[in-house]
Amino acid sequence: MEKIAAIMQFGDYQFRYNPSRIVLRQEKNIRLRSCPGRWQDAQNIGENARIIEGEGELFGGDVAAQWEALCQSYHAQEPALLISPVAGPMYAYFAYLEAVGQGGVTLRFSFRFIEDQRRTLEGGI
């Protein structure tokens, strides 16, 4: 089994606290071929890119600075190494980031990373 991390990290950005919800989605690309009125055949074309998504909170007196650091990581144009508590290391794009204010010193956020399968394989991960 691949080694997984205790603390989530994307490129140079390390989450201060792991998000409260982290979901790893793996899905096979299954195509159906039909002979009308007779049968249907399923064919495994391969695995789709893995997706890691979830939700978390930023809190404390420096919430604005924490959010800015997370946003800088999101704005990276190239994929970076993603290390998480739910999967082994992979190169991924930071594809989605949303913030929902709760007032005070807490900011909820949700995110999605999509694996760059080619770069993961070329990187020997």
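This is a predicted model: local features need pLDDT of at least 70, side-chain atom pairs count only at pLDDT 80 or more; totals for chains, interfaces and linings use all residues.
1. At 47% relative accessibility, R118 counts as partly exposed, a class that lies between buried (under 20% relative accessible area) and exposed (over 50%), computed with a 1.4 Å probe on protein chains only. Helices (H or I, at least four residues) and strands (E, at least two) are DSSP runs, numbered from the N terminus.

2. Residues are numbered from 1 along each chain as its sequence is written, and side-chain values use heavy atoms, with hydrogens and water left out.

3. Side chains of opposite charge can pair when their charged atoms come close. The search of the whole structure finds nine salt bridges. One of them joins D62 and R16, with 2.8 Å from N to O. D62 lies in the loop between β6 (51-59) and α1 (63-74), and R16 in the loop between β2 (13-14) and β3 (21-25), so this pair ties together parts that are 46 residues apart in sequence. Both residues are partly exposed, D62 at 30% and R16 at 45%.

4. A further salt bridge links E53 with R112, their closest N and O atoms being 3.1 Å apart. Because E53 lies in strand β6 and R112 in strand β9 (residues 106-115), the pair ties together parts that are 59 residues apart in sequence. E53 counts as buried at 14% relative accessibility, whereas R112 is partly exposed at 29%. These two residues also belong, with R25, to a network of salt bridges.

5. Is S84 buried or exposed? S84 is buried, with a relative accessible area of 1%, and its place is the loop between β7 (80-83) and β8 (90-101). A polar atom of the S84 side chain lies 3.3 Å from the backbone nitrogen of A87. Leaving aside neighbours within four places in sequence, S84 is in contact (heavy atoms within 4.5 Å) with I4, A5, M8 and I52.

How values were computed
A salt bridge is a side-chain nitrogen of Lys or Arg within 4 Å of a carboxyl oxygen of Asp or Glu. A polar contact is a pair of N or O atoms within 3.5 Å; within protein, one must be able to donate a hydrogen and the other to accept it, and residues adjacent in sequence count only if both atoms are side-chain atoms.
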